[in-house]
Amino acid sequence: MPLYEYECSDCASQAELLIRSDTRPTCPSCGSLKLTRLLSVPAVPMKADGSQLPMCMPTPASGCGLPQCGQGRCAGE
């Protein structure tokens, strides 16, 4: 089940909701069906010691040429 962020048009509250494909979300504050799905900020993977895993930088317009880019691995690996 995906986790989505929504904002209610009636009461302006925001909430993160787990939604099944056959379920219509309702506002947990007022019960309204008038919800707008928001764009979420992606989570940053963390190592067990609390440090961040390396992340790929955006590919320059000229391209970096490495096959790893865009497949979840960094160019430095």
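**View 1. Overall fold of the predicted protein chain.** Read along the sequence, the protein chain of this predicted model runs in the pattern β-β-β, with 3 strands and 0 helices; strands (E, at least two residues) and helices (H or I, at least four) are DSSP runs, numbered from the N terminus. Of its 77 residues, 16% count as buried, where buried means under 20% relative accessible area (1.4 Å probe, protein chains only). Residues are numbered from 1 along each chain as its sequence is written, and side-chain values use heavy atoms, without hydrogens and water. Because the model is predicted, local features need pLDDT of at least 70 and side-chain atom pairs count only at pLDDT 80 or more, whereas totals for chains, interfaces and linings use all residues.

**View 2. The largest nonpolar core.** This core consists of 7 residues, Tyr6, Cys8, Ala15, Leu17, Ile19, Cys27 and Leu35, and a nonpolar core is a set of buried Ala, Val, Leu, Ile, Met, Phe, Trp, Tyr and Cys residues joined through side-chain atoms within 4.5 Å. β1 (3–8) and β2 each supply at least two residues of this core. Not counting residues up to four places away in sequence, Leu35 touches Tyr6, Glu7, Cys8, Leu17, Pro25, Thr26 and Cys27, contact meaning heavy atoms within 4.5 Å.

**View 3. Surroundings of Ser32.** Ser32 lies in the loop between β2 (14–18) and β3 (35–37), and it counts as buried because its relative accessibility is 9%. The side chains of Ser32 and Asp10 are joined by a polar contact of 2.7 Å, that is, a pair of N or O atoms within 3.5 Å, of which, within protein, one must be able to donate a hydrogen and the other to accept it, and residues adjacent in sequence count only if both atoms are side-chain atoms.

Key. Buried means under 20% relative accessible area, exposed over 50%, partly exposed in between (1.4 Å probe, protein chains only).
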